[in-house]
Amino acid sequence: AGPSGGGNIETESSAGSLLRSTAKLPEPFTVPLPIPAVLKPTDRHNLTQRAAQVEILPGLKTQIWGYDGTFPGPTIESRRGQQIVVRHRNALAVPVVVHLHGGRTPADSDGYPTDTIAPGRSRDYTYPLDQPATTLWYHDHTMDFTGPQVYRGLAGFHLIRDDVEDGLPLPRGEREIPLMIADRAFGEDGAFLYPSMDGMPGVTSEFMSGVLGDCILVNGAPWPVLEVSATRYRFRILNASNARRYKLKLDPPAPIVQIGSDLGLLAAPVEHDDLTIAQAERFDVVIDFSRYDVGQSVTLTNRLGSGGTKNVMRFVVARKGSDDSRIPDQLAEIEPLSRSQAVVQRQFVFARNGPSHHGTTTWAVNGQAFAPDTILAEPALGSVELWKLRAQNVPHPIHIHLAPFQVQDPGRTATGWKDTVDLSSGDEAEVLLRFDGYRGKYVFHCHNLEHEDMMMMANFRVQ
Ligand code: C2O
Ligand code: CU
């Protein structure tokens, strides 16, 4: 039987249909938070993409597809400007593509959606990593199958460090923790539920808006718990969900201090009561647990959730601790781009396409469904452009490969360098992009992975 209870909960906050687990889900905050394995800086890494049976729900086995058979994959740590090669071996039965999200990468290593690694083959991806310290992530990017392949586990962190970050007195060591948030649904035997895996008829119309699960995983564990000392912690939060957005808030309330965004440290820290995080966005934050009593529990909640998806994870302040970390008033130097630098203006509308000849609806950019040979923009290498991005029908988080951008909306001044901008339905954002680095063909697309798989993607070619 296919998954049941796909209720359409398409709202302003998340676009998608909810899959309900038939497996017994654990009590929240009983499973310890896992920390992915770390691969230290070196000029070569070897990763194998393979299936593995892992225990996500206590007492049940889930088959994942993972980098080195783990979900999340290992965290790769690199230094700015030290080029690395990652050899990916595909031990899965399907073609795969690897994209380093946020990486300033030559086109032939960027993971173009049709540039697949066939089953049984390997491929070397070269990453110059000539960009400031930040939180990147790597994930599958196979044309038409990114949604199901990421859902099965093909996602991991890639951190870039540099001297600027090293010089700051931020929390580090075991008090610097990556948090990959992703929702999933599970069948009775513990298997991941995803519409296309279960041969559900009519899947494209019901789930074309996105797949939402009813179980929130952090670093691959359901509603986990982390014991902390009463000190500052740095968390690199990534929303790796296919279609779900979160509005994160601590309970009891405390400020979340943002120090970085998608592509690096901010100029200065920004205090938030809550954080709305769309798919693929990263927030580098510091939480100070010294404001709580030892023994207290602090829950990271999701104000956009309902039922079980209202909770994300819990921190338990287990002990006092000494803390010489600080959040400096100045973090990194960020050169602001100005509109006068933009040599070209372009507009892109992300909207639903009318029914195609098979009667299914797809998603499109400027009315065009993705086609590898259609180029919608040809920016010049080294130039700055102004792009107006508009979302229609439902929210769309828009991600642009290669070119970092600054969002011009005055309400979003402190966002720093970004690679993904979250747009509500009817919203328009103006972004100033810098096309530095490499020539060649790259994609930009909606990072709701079901929208992406259903054609909401387009090409630009840097000339
Ligand atoms: Cu995170 Cu084009 O992808
Ligand atoms: Cu979208």
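So, leucine 226 stands opposite phenylalanine 315, which sits in strand 24. Strands here are DSSP runs of E with at least two residues, helices are runs of H or I with at least four, and both are numbered from the N terminus. Before I go on: this is a predicted model, where local features need pLDDT of at least 70, side-chain atom pairs count only at pLDDT 80 or more, and totals for chains, interfaces and linings use all residues. Residues are numbered from 1 along each chain as its sequence is written, and chains are lettered from A and ligands numbered from 1 in the order in which they are written.

Okay, back to strand 24. Which strands pair with strand 24? Strand 16, residues 225-229, runs parallel to strand 24, residues 311-319, with five bridges. Strand 23, residues 297-302, pairs with strand 24 the antiparallel way, also over five bridges. Pairing means that DSSP finds at least two bridges between the strands.

Let's zoom out. The protein chain has four helices and 34 strands. The domain assignment, which is automatic or from a database, gives domain 1 (27-166), domain 2 (173-319) and domain 3 (339-462). The centres of domain 1 and domain 3, over C-alpha atoms, are 24 Å apart. Their contact takes 13 residues from domain 1 and 14 residues from domain 3, where contact means C-beta atoms, placed from the backbone, within 7 Å.

How big is the whole thing? The C-alpha trace spans about 60 × 55 × 45 Å along its principal axes. For 463 residues, a compact globule would have a radius of gyration near 23 Å, and the 21 Å of this chain agrees with that. That radius is taken over C-alpha atoms, and the globule rule is 2.2 Å times the number of residues to the power 0.38.

You'll find glutamine 82 in the loop between strand 6 (73-79) and strand 7 (84-90). The cut-offs, with C-beta atoms placed from the backbone, are 20 or more others within 10 Å for buried, 12 or fewer for exposed, and partly exposed in between. Leaving out residues up to four places away in sequence, glutamine 82 touches Pro41 and Leu129. And of the 463 residues in the chain, 49% count as buried.

Notes. Contact = placed C-beta atoms within 7 Å.
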